[in-house]
Amino acid sequence: MQIESNTTGMEAELTLIADKDARDQCVVVVKGTFTVDALGQLTLADTQKPLVYADEHYGDPGTTSIRYECDFALEKPFTDVLVVGKAVSPKGVPVQHLSCALEVQGRVKKLIVFGDRYWMRRFGLLTPSPAKKFTEMPITYDGAFGGMDDSKGTPKIAVEPENLAGIGFHRYRSAKEIDGTPLPNVERPGKLISSAHDKPEPIGYGCISRNAKQRVQFAGTYDQHWLDNVCPFLPEDFDSRYFQSAPIDQQFPTFTGGEHIRCQHMSIDSTVTYIIPKMDIPVRYNFIDRTEKRFGVLDTVILEPHDKVAILIWRTKVPVGKKLNMLRTVEIGEPLQMGDDGIIGQKNGKPHFKHLNTAIKWIQKEKLGEI
């Protein structure tokens, strides 16, 4: 099976993924990169960002949070809205802290971004140092509350189950050990850290880890029954919500177009607005004995407000049955039409031909100056 044509101007690929009933599904992912203007209108960018085939982290995968998650999930019941960005001070004036907001369809999520701070001992008590001023500060789960405390050795390692990549988690460390360690840069308004042993809920706008507690609860049960009877397939109680990479408060009923999003204090412009376009992405699965048509579901929106960019990801799937070769080709977008010059479409300004001999004839004519 292969993609025979893609007329969308966006990146696309297919893969096979087994569902929890052990049925192979052909999943097609279409990924579009858009620029946004001052009115929030999205335009397909000249340069399209590539598909992500494995999770991309901000640094060492073992210690840092996810920047972009793999695009090839089986399905998502809701639309994820994610921000890969940073806090940007108004007019470039250095600040010690800044309030940022993500507003989606009237639902607002705020956070406070601080400059670098550390715990300092004063009169025998631990208190936060004054925050250093900044003009830009990454908003990542690396800078949110979390992490681990291994000060008592391997048998007693403690972790923050919602964010292993964060900072500021201290279960066993003494005041002497905590002195000089960093505080989180990203905090939740109204629930700021005041004690070195506070355990606030981590907050951010980006991808949460696959091992975060709020995702693990949907992963299912991997017990002896699973080992003996189901492995290597998904357990019976697996829930597709596990595939949602956004925090639960950034998951929304499936987008269909027209949704409004605003990012505040995440760009040199104080507010960046996005209006999600209504786009039908037809996908035709051509089997030997039939054709099945689906329409892509917009289940992931990634915003990069500092660059005025939005990445939209559509997904669709179809069961392929026991004989994989029954599915021959996949066509994405509106059907190609043969022109008088033999071209049946263009992608990134380059002609697309259905047959090799047609392409050879076109090249020969171009060399002779007939085109």
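1. Strand β3 (residues 24-36) is largely enclosed by the rest of the structure, because 11 of its 13 residues are buried. Buried here means under 20% relative accessible area, exposed means over 50%, and partly exposed lies in between (1.4 Å probe, protein chains only). Strands (E, at least two residues) are DSSP runs, numbered from the N terminus.

2. This is a predicted model, in which local features need pLDDT of at least 70 and side-chain atom pairs count only at pLDDT 80 or more, while totals for chains, interfaces and linings use all residues. Residues are numbered from 1 along each chain as its sequence is written, and side-chain values use heavy atoms, with hydrogens and water left out.

3. Strand β2 (residues 11-18) runs antiparallel to β3 and is joined to it by 8 bridges, with Ile17 opposite Gln25. These two strands form a hairpin with 5 residues between them, and Ala22 in the turn has a positive phi of about 65 degrees.

4. Strand β25 (residues 309-319) is also antiparallel to β3, through 11 bridges; Val29 has Arg315 as its bridge partner there.

5. With strand β4 (residues 42-44), β3 forms 3 antiparallel bridges, and Val36 stands opposite Leu42. This hairpin has 5 residues between its strands, and Gly40 in the turn has a positive phi of about 95 degrees.

6. A separate point concerns an open sheet of 4 strands, ordered β1-β26-β22-β23, with mixed pairing. Strand β1 runs parallel to β26 (residues 327-332), joined by 4 bridges, and Gln2 stands opposite Thr329.

7. Asn286 lies in strand β22 (residues 282-287) and is buried, at 13% relative accessibility. The Asn286 side chain makes a polar contact with the side chain of Glu331 at 2.8 Å. A polar contact is a pair of N or O atoms within 3.5 Å; within protein, one must be able to donate a hydrogen and the other to accept it, and residues adjacent in sequence count only if both atoms are side-chain atoms.

8. A disulfide requires two cysteine sulfur atoms within 2.5 Å, and a search of the whole structure finds 0. Cys26 is buried at 0% relative accessibility, whereas Cys231 is partly exposed at 39%.

Terms used:
Two strands pair if DSSP finds at least two bridges between them.
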